[in-house]
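Subject: Structure handover

Hello,

Here is the structure for you to look through. My notes on what was found follow below it.

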Amino acid sequence: MEYVLILLIVTFIAFIGNSIYTGIGLMESLPGIIILMLIAMAGITLEKLIPLPIPTIIYITVIGVLLAMPYSPTSEVVGTLVGKVEMLPLATPVLAYAGVSMGKDWVEFKKISWRGILLAACVMIGTFLGSAVVSHIILSIQGII
Amino acid sequence: MERIQEITKNWKLHLVILIIVMISEKINIVKIPIGSGSIMFLPMLYAMVLGLIMYLAKPVKIIGKAQEAISGKFVVLGISVFIAKVSINSGLAVQEVIAAGPALILQELGNLGTIFVALPIALLLGFKREAVGMTHSIAREPNVAYIAQKYTLDSPEGRGVMITYVVGTLIGTIFMGLVASTLATFTPLHPYALAMACGVGSGSMMAASSAPLVEMFPEMAETISAYAATSNVLSTADGILMTVLIGLPLCNFLYKILYPILGRKEKK
């Protein structure tokens, strides 16, 4: 039950944030954000019920895609309602909590030499760039871009 | 029941977070134009910095060790609401996602490219076995767990993976956003290709790196977030397999070849 409460709190904060960020009224965005919260809850519940090592993100993605894909009868309703909720404001509360929970890592971080930080940055750039270059090549070959 | 009480008992923490979020959203996106593009600062960045300041500077006494632990849970579970929104975008753009299937799958191999770049740099910087832990992958939780299991976290490899992990956790979100917008501005890489690259790390990294792309190319918004999300799902699904089967063996192999050439000789 703990996760239900956590999701309620995060969703509520995101709900307020979304309204400030987009200027869309609270009542107008309420159905959309409730749908998103229920999808998240369903995903986490499935992860807890099904004894397979499948991460929550997979369940949530499957549910969301099934609800919204054009072949689905719910596509239009879900698309319109969830469209009132922007992507960014849903990440803002999470990163605010992340800031607080980083406190401990910060102590570790200060111990890391500049070489370590530089190298970790190289690893991130390298991974990003490697993925982007391969994607670009394949998408070009496919004629999508 | 006890754990529920622990959350409600800390209502002040959640109130502080709410205020942080309200301030951050109010400031909104700040764009600093550079050349033909711009570097973007997003509300999520202010929120994170404000959260960290709350913990470190303690302007309000209520945020300390206990709140830090609770916040960790909120991060892990809270991101799922964001993932739900992204999955809706993926559903709406499912035809584009299927059409781009080959690119989405093959770019997973591109993630390994970092080993060829970062490992030589690591050796030039004077790292030894730490280098393997640091550069074999982007070091998210599953990779840390795997390295811990194989070498233990007290080993050089374990210390290495923790460095990339900690740096990634702390500056990864901000940094990946900067990388995405810089590459979009200064390189001919297509926004769709960059979108797929946004999925290489954690969920928050994906959020922070795809967001500026969505802002820069609003007409492609839905497809960008669909590609970023699908790529993230694929990385989550195959990431650890890639590490076990290819990433780590490849990194160890290259280390054996490169260390005698680039590695610093023992001083003792």
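A salt bridge is counted when a side-chain nitrogen of Lys or Arg lies within 4 Å of a carboxyl oxygen of Asp or Glu. This is a predicted model, in which local features need pLDDT of at least 70 and side-chain atom pairs count only at pLDDT 80 or more, while totals for chains, interfaces and linings use all residues. Residues are numbered from 1 along each chain as its sequence is written, chains are lettered from A and ligands numbered from 1 in the order in which they are written, and side-chain values use heavy atoms, with hydrogens and water left out.

Salt bridges

Over all chains, six salt bridges are found by this rule. One pair runs between chains, from A:Glu2 in helix H1 of chain A to B:Lys73 in helix H4 of chain B. Helices (H or I, at least four residues) and strands (E, at least two) are DSSP runs, numbered from the N terminus. In the pair of A:Glu2 and B:Lys73, the closest N and O atoms are 2.8 Å apart. The interface of chain A and chain B has two salt bridges across it.

The interface

How many residues does each chain bring to the contact? Chain A brings 88 residues and chain B brings 110 residues, where contact means heavy atoms within 4.5 Å. About 8600 Å² is buried between chain A and chain B, and carbon and sulfur atoms give 83% of this area. Buried area is the accessible area (1.4 Å probe) that two parts lose on being put together, summed over both. On the chain A side, A:Met87, A:Met124 and A:Phe128 lose the most area to chain B, together 9% of what that side buries.

The rule for polar contacts finds 12 residue pairs across the interface of chain A and chain B, both residues at pLDDT 80 or more. A polar contact is a pair of N or O atoms within 3.5 Å; within protein, one must be able to donate a hydrogen and the other to accept it, and residues adjacent in sequence count only if both atoms are side-chain atoms. H7(A) gives the most to the side of chain A that touches chain B, with 26 residues. That side divides into 63 nonpolar, 19 polar and six charged residues. Here Ala, Val, Leu, Ile, Met, Phe, Trp, Tyr, Cys and Pro count as nonpolar, Asp, Glu, Lys and Arg as charged, and the others, Gly among them, as polar.

On a 1 Å grid over the protein atoms alone, a cavity is a set of points where a 1.4 Å probe fits but cannot get out, and a pocket is an open set with protein on both sides within 12 Å along at least five of seven lines; lining residues have an atom within 4 Å of a point. Grid points are joined across faces, edges and corners, and a volume is the space filled by probe spheres set on the points.

The second largest pocket holds about 330 Å³ of space. Its lining has 19 residues, with A:Glu86, B:Lys85, B:Asn89, B:Val214 and B:Ala221 nearest the centre. H4(B) supplies the largest share of this lining, four residues.

The whole structure has two cavities of 30 Å³ or more. The largest cavity holds about 140 Å³. Its lining divides into 11 nonpolar, two polar and no charged residues.
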